[in-house]
Structure formats: C-alpha cells, structure tokens
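Have a look at the model, try each task yourself, and then read the solution.

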Amino acid sequence: MKGYLKYFLNKLGWFLVTMIFAFILNFTLPRLMPGDPVAAIVSRLAQGMSDASGVQAIYEQYTELFGTNKPIIEQFFIYMRNVFRGDFGYSIAQYPRTVADVIKSSIWWTIALQFPAIIVGWFLGNMLGALAAYVRGGFDKIIMPISIFLSNLPAFGMAIIMMVVFAVWLKWFPTSGGYGFDLIPNFSWKFIWSVIVHYQLPFWSIVIITIGGQAIGMRSMSIYELNADYVKYSRFMGIKDRKIIGYVFRNAMLPQITGLALSIGTMVGGALVAEIIFSYPGLGSTILTAVLGQDYPLISAVTLIITAMLLTANFALEIVYGFLDPRIKATQAD
Amino acid sequence: MKHTLRQIFRSPNFVVGFSIFSLIILTVIIYPIFVPNPPLQIIAQGTFFEPGIYVNTYDSFNAPSYTLKLDGADSKRIASKLNDEDRLAMQEWLVGFGIPENEIDIHDTEALLNLWNTNFDPTKRFPGMTNADRNYFIRLNNSVQGLLSTDPAIIAVTDEETGSLVETDRVQQTDYINVSQVANVRILPLGTDNFGRDVLTELIAATRVSLLIGFVAGIVATLIGLILGLVSGYLGGLVDDVIMFITNLFTVIPSFVLLILISFSIGQDQRGAFTIAVVIGFTSWVWTARAVRSQVISLRNRDHVNLSKLSGHSIVYIIVNDILPYIASYVVMAFILQISSGILAEAGLSILGLGPRTTEVPTLGLMMNWAMIYQAHILGKWWAYFPVIVTIALIAFSMNLMNTGMDQVFNPTLRD
Amino acid sequence: MKKILYIVSLLVIASMILTACASPATEAPVEEVATEAAPEAATEEVAPEEPASSEPADPNSLPRNETLYFNGQQWGSVVGWNPYSTSNNNGMAIAQQDNARVLMFETPYAYNMLDGQVYPLLADGAYTWNDALTELSFGINPAAHWSDGSPVTAEDVAYTWATHVKYNTPTGAANTAYIEDIVASDGSVVIKAKLKDDGTAVNPLVVQAYVSSNYVIQMAWTQTLEERAGGDATALLADTAEDVVYSGPYHKYFADDSKVVMIRDDNYWGQDASMFGKLPIPRYLAHTIFKDNAAGTTALTAGEVDVSQQFNSNVNLLWEQDGLPISTYLPEAPYQIGASLPTAFFNLKSPGLDQVAVRKAIAIAVDYPTIIANAMTNQSATFDQAPRSLMNPTAGEQALYDHAAVADLQWAGNDIEGAKALLDEAGIVDTDGDGWREYNGQKLSYVATCPNGWSDWQAAIEVVAAAGKEIGIDITTNYPEWAVYQTVVTASDQPLPEGYDIFMMWSDGAGPTQPWSRVRHLISSEYVGMAGNWNGNWGGYANADADALIAAIPGMTDGAEINAAYTELVKIYLTDVPSFTLMYRPQSFHTVNESVWTNFPYDGDGTNPPVPPMDLMDGWGVAGLYNLELVNP
Amino acid sequence: MTLEKKLYLSAKGVSKVFGFGNQKTVAVDNVDLDLYEGEVVSIVGESGSGKTTLSKILLGLINQTEGDIYFQGVKRDISSHAKKREYWKNIQAIFQDPFSSYNTFNKIDTVLLDCINMRGGKYFPREKKIELMKEACSFVNLKFEELTNKYPFELSGGQMQRLMIARIFLLKPKILLADEPTSMIDACSRATILDELMHLRKEIGMTIIFITHDIGLAYYVSDKVCIMEKGRFVETGTADSVILTPHHAYTKRLINDVPKIHEEWDLTTV
Amino acid sequence: MANVMLEVNELSTKYITRFQEDVYAVDKVSIKVEEGKSLGIAGESGCGKSTLALSLMGYYFPPLHYMGGDIIINGNKISGLDPDHVRKTVLGKEIAYIPQAAMNALNPTRKIIHFIEDVILEHEMYVTKKDIYERAKKLFETLGLPPEVLQKYPVELSGGMKQRTVIAISVLLLPKVLIADEPSSALDVTSQKMVIKMMKHLMDAGFISSMIFITHELPLLYNVVDDIMVMYAGQIVEKGSSHEMVFDPIHPYSKGLMGSIIVPEEGLRDVKLTAIPGVPPNLKKPPSGCRFAERCKYVRPECRVTSVPLREAGDGRVYRCIIPETELRENYAREEQKK
C-alpha cells in the first residue's frame, strides 16, 4: 500500500500544480485579446445617452464591477478568490446573467454526453483492436482500415454526416436539441425517452470517431502482449486460448487507460464540436456562443471548467490505473 | 537507409497511405496548372449551383443547330416540367374544384392540361389549403403554360430605330447544338458554394493551404518537440527537470482548450493561415518531446554514443550523427501525425469561428464553416461540404496509414 | 434611435452572433444587487405562474395543435421579465423597439410597418395633436385591464414615464430631450413635447413615436418593484420581475436554456368587442432556442417551428426543391419585405475617400446583384426593384420622394466602365503603371472591414473589394472581432484608425419615425465627434443643407413639402455618396411552416388593415395571431 | 614487481550517488583503486554492484559525486571538451554489447577513421589511412577488404568485437577498459577475443581494466582482481590469492556458487 | 533397462517468418530419455536448442510449425494429436516447460494463486478454489517456497523467487517430463544455484520423472544432467554422458565447445582456450553436406557434399562426423602435443 500511496500523492501533486498553471493560462490568455469588453457592454448600454459624461460614469461603474480598472495581478487574485467561491463573474454577452449560471445550465448535458461516449468509444475501440490483433486476417485487413478511416473523419464531419443521413434523410432521430421541442423538462417517461432519443446521434458520432484511434493503439498493444513470454508459458501450461486472450486484453488495456487519460483532452475538443452541430445544449455550444460573443469571462470559465474536468478525469484514471496495475505499486515501492 | 525504405515500401498499409497521399499532392500540384482559375473568384450569381456542365445559353442560340429526331424527346420535356406528383396535385385541386375524380385521367397529359387550363383559378381556396399550397399551384400553373405547344420558340431582337421586335431566328423543338461548338462552357464538377465560387478549384486550393498549415504546424511542433526532447534527454539533470515539468503541464492541459484560448486571444485580424499553423504547432509538440526524450535517454547510454564520445566527438556531432538518425523514424512518424492532426485542428477551429481569416486563402476548415453557415447540409447541397469532409478524412487517413506502416517496420514487436 | 437596437439584434441574429442581446440597460448595476438579480437556474422546473381556469391535461408537454412554435427571436436563455429593462434578453416578451413586442406588455398604439400607420391597442381611438403640435393626447380603452384584473389607466401611462425618467432608464434617457412630461388628465393621457425657444416642439415625430414603442406598466407593480429595489436604479433594472403584472394576451409559462414558452391569459382584455373580439388562437407560444441558424432551419424544415425569424439561406428551395409546406410573405424573391439598409460607410478622412469621384466610382462598380444573390440568397429586393435612395422598399417610404427627379443619380452597380470614366475624369489615374490609380501621388489602397462572423456582410465586403480591383483601386478586406470593431466604429470622437476605410454598419429599419430617423442617422453631422456614437454617420460626413432639412422635417405637416425635402436629401446622398447601401434586409424574417397552422399573413391575404409580416408579435403583427387556423382542425 | 611499475590511474575515495531524497541510490561507495602500467585488473561483481558505473567514472563519461581520479599521478581534469579529448587519448574502452557499440547508420570504416583522426591522422592521405586500417584489421585477423563499406548489421558479433579491438590497436591508449567484452559472445568466439585482447596488450604495452561478472573469466585473464559488492570493493588482491584463497564471505560465496567441472558443486550450501 | 519416459523420433519443425520464408530450426532430432534421467542440450546461440525445447511440447502455434516425427511420452504418442486434446491432457500433466525468460513468464497482473487456479481448472474438474490453495501451499512448502508468494503479484517477487515460482507451477500437475530452457541464465550465481537445487530436488522427490535441460553454460550443464547432447544448426552432433562429453568429446564442434569452458578452478589460467572461427550456417538454406564443414579444422572435400549420418560410438554415444572416432582422437592428441 505504501507504493500506492506514494503514487497517489505524486499524481495528486501533479494534479494541483497543473490546475494552478491551467488557471493562470485561463486567466491570462483571453485577457490578451484586443478590445475592451467593458466598453462593449457600456457602449451598448449608453445608446441614446447624449452627453459624454453620462457614458463615462457608466463606464466607470462597469469597470468597477468587472474589476478591469485594477492592476492585472490584483485582478488575478480577485478572480482566483471569486472562482474559489464559485463566482466566475458576469457573462459579457449575456449580461446580467452570471457565468456560473450560464455554465450550470449546460455543463450536465456535456458531462452526460461526453463521458459515457468517450468511455463507450474507448471500450468498443479496445474490443475491436484486440479482436483485430487476435483474429488478424480479413478482419484485421478490412475492419481496421475502416475504423482508422472513420476515426480520421473530423469530429464535425462525422456529426454532419450522421445528421444528414439519420436525421434529415431517414428521419430516425431528431436533428437538434437535448429533448423534444414540444416538451418541458420533468420526470416522465415521455421526457426521458425524448432525452434518450435526442442523445443518440451526438453520442454515436463521438463514439465512432473515438473507436478508431483506440483500436489502433489496442491492436499494437495486444500484438505486443501476445508475443509476451507469459503467453507462451500459459499456453504450455495448457491454458486455453480464450483465457490467455483474457490475460492479454487486460494487460494491453491497462496502458490504454493511460492513453485514454492523455487523449481525453483531444477527444473532448472534437466532441464539443459535435455538440455544436447537433445544437446540443452543452458546453460546446456555450464555447461557440462565448467565442462569437467575445465573452471572455465565459470563455475563461468554460475552458477552466473543461480543463478541471479533464484533469480530474485524468487524475481519476491515473488513480484507477495505479490501482489496477500491480506493476505501478511495485515500481513506486522501491 | 535504402534497406529501411525498401522495407517501408513493402508494408501494404504504407503503400496504400502513400498512394492516397501522393494522389492528393499530385492533384494539388497538377490541377492548378490545367485550371488556372483563381480559387476565390466569385463566378456565380447565386449560391450552391449544382455540379454539372454549364452551357452559355446565348452562345448556344448562336451555335450551329442540328436537327435530331429522337424518340421520347417530347415526353422527356413534359416530364421535366410535369411529373407524376404534379399530376396528382392537379387532380387534387380539380377534385376540390368539383370535378369528379373519375373524369380526370392524370396520364392523359393533353386532357389534364385542358381541364386545368379551363378550371384553374389562383384566388380560389379550399378548406385546409395553406398559403404554401396556393403558391405551389400558382407555380405549377406557370410552369405548365404552353407545355404542349409544338411551335418553335422565336428569338427576336429589339430594332434600335423603331424599338419593335424583329424576329431573327426560330428554335425548333428538334434543334440540338453540339456542346463543343459553344463558345462558353464551364464545367463545375462540384458546383459552386455559397459565395458562388467553383467548389472544386476552391477545394484544391484549400487542400493545398490546409496541407501547408499541417506542414507548418507539424514542423513547428516537431521542431519544438525535437529540440526540447533532445536537450532534455541528452543533458538530463536540472534542464531535464524543467523541460519535463513544462511538458507534463502541456500534456495534461487539453490542447484543444489551449488552442481555443490562444486563437481567441490573438484576434481575427491577426490570424493568418500561417499564424494559425504556428499556434497549432505550438500546442501539439508535447508528444514529440516526450517520445524524443525517452528515446534519447535510452540512446544516451548506448555504447555507440559512449564510443563516439571516447572518439572525441563534440556534443553537437554526437547528437546529429549518433542520436538523430536513431530517432529519425520516430520523429518522422510523429511529424506525419502532427500534419494530419494539424489539419484536423484547423478544421475544428474554423468551425468554432476561430480559424484563419478568410480573405486571402481558402482552407478546408473555412470551406466547411461557410457551408454550414449557409446550411448546405440542410438544403441537400452535398457538394459544398461532403467533398471537404472526405478530403480531410483522406489526408488524415493516408497519413495514419503511412504511419501504421512505418510503425510496423520500426517496431519489430508489431511485426507478425 | 431605438431602432438601431432592433437592427443590432436583427443583424446579430442573422450573422450567427448568437447572443443577440444588443439591448441597453440603464445605469450600471451595483454588484450585490446584480447578484441578487441573477436569474434562476435554467434547469429548474417552473410551474405555470397563474393557475388558469383550465389546466392543460399534461403540464409537461405542449399539445402541437395548441402551440405555435417560433425561432430566431431568442438566442440564449431568457434572463428576466422586467419591462423596464431591455437587457433581459427576452426576445418574445420584451423588445422595446419601434415595433414593440406586445404579447405580454402592451403599448398604447401598435405600429404597422406595411402602411406606416398606428392602430390603437391600449389606447381608445386615435391620438390627437393640439394645433401647435405641442401636446398629444389619447384615451385608454375602458375594457383594458391588467392581469390582476384592475383596469389600465392613464395614471399608469404617466407613472411609467415618471419611472423611466426617475431611474434614467434607456427609454427615459432617449426621450427626455423630446418629451417634457406625460400626465394623466381626466382619464386621458397627455404627452407634453419639449419645446424649442420658439415655442414649437423639438421633435413631434419622436413624441408621436413614443406611443407605439413604449410599454405601459402598471403603477402598483412599479411601486412594488421600486420598494424591492430600494430606489436603486441598477437594482430596479436588474430585477427579473417574475411577479410582473401585464396587460397582454400571453405570459411566462416556462423558460430554460432550450426554450421559452408563453401561455395565453384567457382573461385577456383584448377579447372585448372593442378590440379583437376574441382570444388569440394558439394557447401556447413556444420559442425554441437554437445554437445557430442551421439548427433553426433544420427544425423549421422538420415542422418543429411554425414561424421562423431567422435567415434561412435559399429559403425558396425549401418549397421548390423539398416540397415543404413553407412559405414567406412574398411568394417570389425577395420573399421578405425589406426594411433596413446595410450600408458601407466611407471613412471621409482616408486619403482619396474625401473625393466624391473615388467614393462614387467604388459605389457604382460594385456588383450588387451578386451580393444580393449570394450573400442574401436573393432575400433582398434588387436595386432594380427598389432603386437606391434613403428609403426602404416598403410602399409607404418609397412614396416619400420623387423617383424621377433622382433617377439620373441612381446606379444599379457593376458599372466598371462608368467608374473608370469617373475616375479618369477626376484625374485620378494610374500614373506609375503599377495597375493601381494614384491620388496626389499616393496609391489608392483601402481596407474594407466588417465584423468577423457576420457572414452576409463579409460576403458583401468581398464583392466590394473585388470591384475595387476592377477599377484600379486596391481594396483589401479585414474582419476584426465584433468587440474590437464596435469599439472603434462607435468612438466617433476619435478619428477612425487605419484599416477602417470602408466599413459596414447598419441603418434603421421601419418604424414610426422613419424614414426621417434613418436619413438622420445616415447623413446628419450631429453625430460627428460624439463619444459612443451608436447612432450613425460613422464616416464623418457633414452637409449643412442636409442638416437643415433633417431638422425641419419633423415639424412639417404638408405632404408635398415633406416629399420635396426627402427628394432633396436623396439627391444630396446620391451625389455625395458618404455611404452606399449594399442590400436590403427585412425588418423581420418571416418564414412560416404551414404543416400545423395556416392563415399566416402573406402578401395579398386581404386583411385590412394588412397584417405585417412581423412574426405575429411585433406591433400590429400581433393581429395575425387572431387569424390563425389549424390545417387539420 | 608491481612496485617498479608506473602508477597509471588511481581512484581515491570515489563515490557516485544517483538521485536525491528518498530516491537516492549509492552506486559506487568510496572506492579506491590503483592501476599500474601493464597490469590487467579485473573488477568482478554481480549485476547492480556498481561496476559499470565505476567504469564510466574511470572513463570520464560520468562524473563522480565524491573522490578524485588521478591519471599518472596528476589529478584528472576533464572540465572541457578539449581536456576530455586529451584524456581519452590515454584511456579507451570496449563495451559489452558489440551490436550496440556501432552506429548502425555509419559504415564501419567510420569507426576506424575516427581513431586515425584522433591520433592526429586527420590530414593523412587516403592511402595512408587505408593502410593503417588494413594493418589494424589484420591485427585482429580480419580482412579489411571484406569489411570496408559495410554496415555494422552485416557483421557477426564476434567480428564486431574484434573490430573494436582493432580500434584500440589504432588508438594505442595507455589504459583499456574492457566492460564484459565477451559476455554477449558465444563461447566458441570468446577465446578469440580474449586472445586478441591479450595480444594487443603485449603489442602496445597497455594496462587493462577488465569488468566482468564471471569470476572464472576474471581469474583467467587478470593479474589483480577486485571483488565488488553493492558499490564497494570487498576484496582486492592478485588473481590467485583472491580466487583460490578467498577471505571475504561474499567472495567465498561467489566462488562457491559457480558451477565447476573438476570440483563437486555443492548444492547444499544454498 | 529403465522405462523410457520420452522418446522423440526424427522430429522436424520449422519457423515461418512474416515474409513467408521457412527456417528449418529442428532437423530430424531423435531423443530418448529414461525414467529418472536428465538430458542436457548444449550449443551456440541459434543452434536450435530453444526451438527444440518448444518443439518437444507437441503443441505448436505460429510461427513454429510441425513438419514430421514422433514424440512419445511414457509410451503415449502425443504428436499428431488434436491440439486441444494435447492441451488438456498432455501439457502440464505429461510434459511441462520452464521458459527461458522466466522473469516475464507470469502474467504481471495476475496473482500467483489465480494463475495456479487457472492452470488446475484447465485440467481438472470439480476442484474447489480452497482445495487448489491447499494443494499449492503444500507444494510450495515442499519446494521450500514461502506460501505467501501465492498471494503476490509477479512484480513483487525477486528474480530468483519468480523463477522458482515458475518451476513450482510447472510441476503442479506432476508432469512426467520437464523441459527447462535456460531456467537460470538471467540470474546471479546464488539464485542460479538455488534454482538448480530445486530442480534436482524435483527429480529426487519424484515430482518429475525425467528432465531436459537446455543451456549454453557447459559447467552448469555438467553439474545438472546425466547426459549431454550437443546441437549444431538444428541437428544433433553428438550425445553422450555428461562426463564423457565434457572430458572426452568426439565431434570437432563438441571439442571446440568444451575447450572454451572457463571455471574458477586452480590451473585454469594455464589452460589454452579453444576457439571455433566462423559463424553457423543460415538455416533458411541449410547446407546439403556437413553443416559444420565451413568451420571445421578437419574438413574434407566430401564433407561439403554428402550429408552425414549419426554414428554410434558405443554405450549410447553418438556423433555426426565422416571422420571416424579414432582418427579424430588422434588429431586431438597431436594438437595437444603441439602446445
């Protein structure tokens, strides 16, 4: 257990350091953008005001509210303090809505969509890769290239093709939104069913592009493991192939967990774009809105939250990995 | 070296990938030589012209006319204006007007049109008839007027002095022209886009730019990764610690988020294709750095490096001669992946509206973005977006195949 | 002035700027109050506010044949229901524009953009001016009552104004220069215009526009609100006003990130015979919130949207190609009634652009048909159909100037040779043989800009740049982000920086003060040098004759005189070319899907007064709600 | 007899520590070593005993954490590249794995040319260089003509290792550090390598440090043997004294545990 | 004559590379091991000794392919049977294998006991996990391994311990024949000794009936096995008792091999080690004549053309050379004198 604890603390330390760094980046980068966001609000509010001093007064009020009149370092600490309280300030484009409120209404959709999709995609990809490694032959030569091709479709491309085919042509699924246009959220079967139906296209478009990449990795790992000495030994001990394949998959899959942790960032990027195509009410759409509306408090917060979610996912995966793979404990115990 | 290359070219994956990629590159190079049209030139007034051969109508009147007596020409002409659905709709209207259904033979075009022409009244409305229906019948009525006429169409010009029309020519229904004799014919194999640009020409130009973006991004990422990896791996110690710290940070901070943040903070007017490429490169060097570092660390203690040191070679010489060749295959593979992921990243950014600015060059991402803005996918204008998706996928696919092929060669454990 | 706001949102919407909340609040809210006013979580279940007499069978789904679905009005969730504030991002209930939404809150009069008339809503009969045009008065319909049952009174109107002034709301700030006071006298409302030194009203036009563009808000509720806000303007405006008392036929039923639903108030006063005589037909009005136009169009084609107020590109294909039961107000191009004039302004301080010849040459060389066909997918009248002037293409405005008198000055574009001749004549030629013309030895080289992501504007700007190249003027394009763009363009106290030589901005649409207000915004020199100029004339054009005419028109009563004045202004505009219109845009896109509902307004539908294509919620457009029928009853 | 000989290389209290904190490992712990002209000294240890680390310190490939190295009585100074180069003219090495000792991307001629360059032959005419290379090859019974323009992977392990010896022949260093030069070679070729190594030693009067885990081999080749355990020298002495009459328990165990052919291999002592 | 535990007749196997080339790694090898005896196989790397070990199992999977010959264990022929049948009834029960790199022979993510369960359940039905545990514990105790090992992951064990665990697992089902392929080559001398001791114990205590031990370390082989067989290029070149083989080899190759033995014994330093120049032939195209001809000091022209059969030299001793035993011995004596 000592080895594991050490591993855990090491990862936790990394997690925290990265969070801080990500936080600084998130704060700084959007603020490098030209243009004064407060001026943007104020000049809209100031329409119809004929005297310049009135505009100036409003401007000052808002700079006070947004804190842009303070030195950047001080702003940073204020921001940090507020974020710790869960207060991300006001959205510029949706003022007077707060950023927290905007995010609160979209984040659960994203979490509910992306994490299952990525995990299912990861799982299916691994199955496919393992099969390709084991079965070889036609399967390997046909299914693999197809899945590689699919995984190389850009995320939005996949989403659009699925939408055109299944929603516009075949009309099997709705085209957009998170639930039926004629429903109001509640806990009825009708509503839940509607949510499930709306879930399918975005879900599968993420899953399908996730599969290929994972399959390739898993295939290599499995081939590598299939050549391992323990496979030969287990065979000579009379263990049946099915069981050996079980060993191999488990062992090949373990490094894939780290692979998942590391590529989850890129996947989420693609998945956000897929959300946009389906007008799914998640963070992808929120980012798009924020980008187009030059809403930097919102961009900061969304990217920060995505980073935090991914880091947490990453962290969790690493912990699970350390737990599942006895080799980690052993190396850390030295 | 020759040996390795031969091995690589023996891998079917690599060969397929390489062929696709070469085909793309060749098209990008050769097509503009034969079709030197500026890719961003707006040639169409109107959006999303269908793929096809466009023949100048005016020129076609002046082209030599030939008489061809082809069976079924009339029925084709009629069918193009009046299909079965329209006939049923006419029947529906006529029934609504009070004509018994059994009196209407929708297959007898003449009788149907007679009945229609005598009865149709655009102001008439029946219960349940929507404005859309009404508009439809008016359009239908306009379209079937004179449908059965066998008279030639008359071409007339205005007499400049009297202002009256003077007949100059008659176009018979059996007149044909030979397309090769028409002065102005434009083939638009993929139609036009929302700006009225030739999609194929634009696509090829965009592919070129996207490939360049990929290359630049790849070069930037690979260079940063290579240098950091080499320095970190070879020198070790504090330098290694610092570089690895940064690398680890960049590993866990999602690159897409970073990409959004940086692109956003640069601002549109600063975002040229090159800048975007550099930004993409800057956010994707991490893997190369890690791979190079671990390779270098394992190489650093290899005996041939030690021997090279003992032979009095300098660090630079050792890195260039004794380390780089060994990691070259990894770096090339990483580079290939960076190119394809760079192209994908550009496309993703453009969809978010954070892509390169539009004015100078088309990119695959921007083509996609505009096709989406003008709703090509809903309107069924597949040529505006589908070829773009396929091109992106093919580029990435070919690169990945090449990579897999190379991987099998360089990673003996992956061989069967 | 407020029209601009409306057009902001219009353009913003159509350009996929999804946060079309270009709406002014008044003074800056103070932090803690604003926090308190933060809207509730959108996912929260919202029960119907007012237990109506007949509850729907399933409170969680909206029966398709009782619900009218919209899109394109609302982008992003609703923030509040406060009629005093315009920063509520509530496109259905609160949009105090020239044509105000009158579904929840009502104005005394409803403006009809088709005939330019106003029709009484809360008011009782037509308003009257006194002879000196200094006082406007009207009565209140005795049948009108609030949702709490109390009658709407003249005091409510007066108190609403008083509150606007007291808290210096945008409405207050915008009108105090023209309105002295609004008082209730004898059950009637009297609006006293602000007077000039000579005793005439500063601007009777604005005074009379007030009655059709500003809501009447209940005095009792206002007092509750004031109490809650503790007299603080920011708090007052940031209040979400979930308890608001209203007079209109609909009110809030549900709102979240995905939709806003309003339910009919079956006690609505308008069913009185003196008004509509019945209730509006749909029980629910639901607005689905889409992330972009594409999603909205998809839903429209799927029959999930009945009334679409968004730019559906190539809308005609939806019926011609796909055979969908979709139609627009006009059956043929331009499909919509054009009302605003997206315009390219010349920065008159840029070297060379101070020359009329250069400005005009660029303007006549531009290929407008391509802009209209490609950028607007033909949803704009062409300049053949509606010749270039300061007027929008509606019949009312077109009648206001003498077409023949300015015909020679107008141009339809694509006149490359003419443009070259014009430049040659002015001596602006290519002297050094590099293919570009020089003025004063300096190459004519300009940057044309519009905000990034505003797709149709960007397409238009590209065409302008192409025209420049044809005539030897080097025009390149640049698309700054909107935040940067608007900061630069509206700072008229600063000279426009390099890179803003030719730039696109909007002009006013239709409204009770039009076309006067549009003309003013396009060419009046009063905006030159104004900090935070959100009004117009961003290029810095000044013409004393034009200023004089603009000042005089509001006071004119004689039709011929007005006509002459407008003709003269058009002449000045077409001669000096301080800016040039690139296309026409509708006030509102009005595309309907008739798979469930029918009898939407269309051109020649025989309604009298004609119901304008204003999506059944703007001004007199609301009358359309009473005519709807189910396709399959 | 060693006393008259010149002290070539000596290590005084050399230690090497890797890592820090709780990751700290002491690879070489306070080692003293004296190396005289012409002798063959074996450093014997099992894997992980620190013998390779020590050899790298002696070679100057890594720096010791503590202690000093004296070369010909003078404290070694390898602070600059030029000084290292100078030092490496005097001390050279043959490594364990011939397959990884070559840069597979270079023709094997490069290895020999490098040596000629290092010995100041950079500007020799081509013929002279070839002659030198031929000489070196024939010294190890290889034919230069058969090797020139070949790549390392075209050679067998034995050939590669012999070429390494040819390299030393060209360099003529004062000290040769042979790090398990035969452990990757089949038994049949081992004798050849050892023979050539000893031949070379006689030829150029070289001192050899022989690093090995095989105590039998150490005994076979060396004059002096140092037994190394966990970074320390536990027993040092002439080959005969250490192998035949070991004193330290570790040495005893080591010798006892190696299978032999003339004596009974006592399995009970485990 | 004692019971023959393992009899192999003219066994041939080959590898098929990914380029579809055949490598004839084991060429008509015949072996006979009696009950209670152990046979050592020696040879250079690449001589086919490890492949022979794999081939003896009677269970083939790519890239190794069976070509011909018989394997008979305790009178039962196992070659040519249905692989699944072999797997269930032969592997582990009749014949067991200890791999070369025992370090990696255990699934790193499976506890030892779980692997043992897998092995036993594969061959026996109706056993409970508790029984298995008890059995394994007993076996481990008998073999001098701490039973705690059972609950550990392979990574938690030291190299020597891992190797001994593997050996214990291999004999779990009391196989008749144990094939050990370099079981101790990666270990330090002390661990090696413990492993050998354990293997000897297996034989003595009757866990196994006979053993084939493969290594390139001749001193070790000498100390472990009864008989030694020298392989070269996929063929047997000589076989005899271990003492004979080490001190009196007949075949020139064996002679060379034995002459390279180094052990830390007195007098070693005076011995002149022998060397065999050259490299073994390419087994993709094995030479038609004597495979050692290219490297042989005593080569004659006919060596290169005619294939050489194994010759009997009495007392079960065989060698593969054209030159008769006596002539070879004379040659050796002459050389001895030269020194």
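**Exercise 1.** Work out how much area domain 1 of chain C and domain 2 of chain C bury between them.

*Solution.* 
1. In this predicted model, the two domains of chain C bury about 1,300 Å² between them, and 65% of that lies on carbon and sulfur atoms.
2. On the side of domain 1 of chain C that touches domain 2 of chain C, helix α5 (residues 204-213) gives the most, with 5 residues.
3. Sorted by class, that side of domain 1 has 9 nonpolar, 4 polar and 1 charged residues.
4. Now look for pairs across this interface: there are 0 salt bridges, but 3 residue pairs are in polar contact.

**Exercise 2.** Find the residues whose side chains form the salt bridge between chain D and chain E.

*Solution.* 
1. Begin with the contact, which takes 38 residues from chain D and 37 residues from chain E.
2. Chain D and chain E bury about 3,300 Å² between them, 63% of it on carbon and sulfur atoms.
3. D:Cys188, D:Tyr220 and D:Ile261 supply 23% of the area that chain D buries against chain E, more than any other three residues.
4. Across this interface there is 1 salt bridge: the side chains of D:Asp257 and E:Lys193 meet at 3.1 Å, N to O.
5. α8(D) gives the most to the side of chain D that touches chain E, with 7 residues.
6. By class, this side of chain D has 19 nonpolar, 8 polar and 11 charged residues.

Methods
Residues are numbered from 1 along each chain as its sequence is written. Chains are lettered from A and ligands numbered from 1 in the order in which they are written. This is a predicted model: local features need pLDDT of at least 70, side-chain atom pairs count only at pLDDT 80 or more; totals for chains, interfaces and linings use all residues. Side-chain values use heavy atoms; hydrogens and water are left out. Buried area is the accessible area (1.4 Å probe) that two parts lose on being put together, summed over both. A salt bridge is a side-chain nitrogen of Lys or Arg within 4 Å of a carboxyl oxygen of Asp or Glu. A polar contact is a pair of N or O atoms within 3.5 Å; within protein, one must be able to donate a hydrogen and the other to accept it, and residues adjacent in sequence count only if both atoms are side-chain atoms. Helices (H or I, at least four residues) and strands (E, at least two) are DSSP runs, numbered from the N terminus. Ala, Val, Leu, Ile, Met, Phe, Trp, Tyr, Cys and Pro count as nonpolar, Asp, Glu, Lys and Arg as charged, and the others, Gly among them, as polar. Contact means heavy atoms within 4.5 Å.
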